[in-house]
Amino acid sequence: MLEIPGYRIGEKLYDSPKTVVFGAVRQADGMRVVVKANAMTHPSPRQLARLRREVHLVRDLGIDGIAKPVDIFEIEGRPVAVYEDFGG
């Protein structure tokens, strides 16, 4: 189970060999979010860059109907992206 300071992790929404996605709540304000992380404990530099690139691309697009990134950081060497959860 992924532990992220400041977030209460809920149910696993998706799991593959490369990616794991959880529902979560940001504890500071109760905002529902979706947490996406690399499933590997030691991802390659290419895999690390892929999630970062995804977050920056989605942030720059600003298209309605696409979950907007809330945060991105690293936990134990793995990039973790936090997106808004609009209940879709």
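## Starting at a turn

Where is Glu76 found? Glu76 sits in the loop between β4 and β5 (78–84). Helices and strands here are DSSP runs, numbered from the N terminus, with at least four residues of H or I for a helix and at least two of E for a strand. Before going on, some ground rules: this is a predicted model, where local features need pLDDT of at least 70 and side-chain atom pairs count only at pLDDT 80 or more, while totals for chains, interfaces and linings use all residues. Residues are numbered from 1 along each chain as its sequence is written, and side-chain values use heavy atoms, with hydrogens and water left out.

Back to Glu76: its phi is near 50°, a positive value in a residue other than glycine. Glu76 is also exposed, at 75% relative accessible area (exposed is over 50%, buried is under 20%, and partly exposed lies in between, with a 1.4 Å probe and protein chains only). The hairpin of β4 and β5, where Glu76 takes that positive phi, has 2 residues between the strands.

## Strands and hairpins

Let's go through the pairings, where two strands pair if DSSP finds at least two bridges between them. Strand β1 (residues 7–15) and strand β2 (residues 19–26) are antiparallel and share 6 bridges, and the hairpin that joins them runs through 3 residues. In that pairing, Asp15 has Val20 of β2 as its bridge partner, and Lys12 stands opposite Phe22 in β2.

β2 also runs antiparallel to β3, with 7 bridges joining the two. Here Val20 turns up again, opposite Ala37 in β3. The β2 and β3 hairpin has 5 residues between the strands, and Gly30 takes a positive phi near 75° in it. As for cover, β2 is mostly tucked away, with 7 of its 8 residues buried. At the other end of the chain, β4 and β5 run antiparallel and are joined by 6 bridges, and Pro69 has Tyr83 of β5 as its bridge partner.

Lys36 lies in strand β3. Is Lys36 buried or exposed? Lys36 counts as buried because its relative accessible area is 17%. Its side chain makes a polar contact with the side chain of Glu54 at 2.8 Å (a polar contact is a pair of N or O atoms within 3.5 Å; within protein, one must be able to donate a hydrogen and the other to accept it, and residues adjacent in sequence count only if both atoms are side-chain atoms). Not counting residues up to four places away in sequence, Lys36 touches Thr19, Val20, Val21, Leu51, Glu54, Pro79, Val80, Ala81 and Tyr83, contact meaning heavy atoms within 4.5 Å.

Tyr7, in strand β1, is buried at 10% relative accessibility. Leaving aside neighbours within four places in sequence, Tyr7 is in contact with Val25, Arg26, Gln27, Val33, Asp71, Phe73 and Val82. Ile75 belongs to strand β4 (residues 69–75) and is buried too, at 16% relative accessibility. With neighbours within four places again set aside, Ile75 is in contact with Glu3, Ile4, Pro5 and Val80.

## One cavity

The structure holds 1 cavity of 30 Å³ or more, and the largest cavity has about 30 Å³ of space. On a 1 Å grid over the protein atoms alone, a cavity is a set of points where a 1.4 Å probe fits but cannot get out, and lining residues have an atom within 4 Å of a point. Grid points are joined across faces, edges and corners, and a volume is the space filled by probe spheres set on the points.

Which residues line the largest cavity? The lining is made up of Thr19, Lys36, Ala37, Asn38, Gln47, Arg50 and Leu51. β3 (32–38) and α1 (45–61) each supply at least two residues of that lining. By class, the lining has 2 nonpolar, 3 polar and 2 charged residues (Ala, Val, Leu, Ile, Met, Phe, Trp, Tyr, Cys and Pro count as nonpolar, Asp, Glu, Lys and Arg as charged, and the others, Gly among them, as polar).

Technical notes. 1 Å grid on protein atoms, 1.4 Å probe; cavity = no way out; pocket = protein on both sides within 12 Å on 5 of 7 lines; lining within 4 Å.
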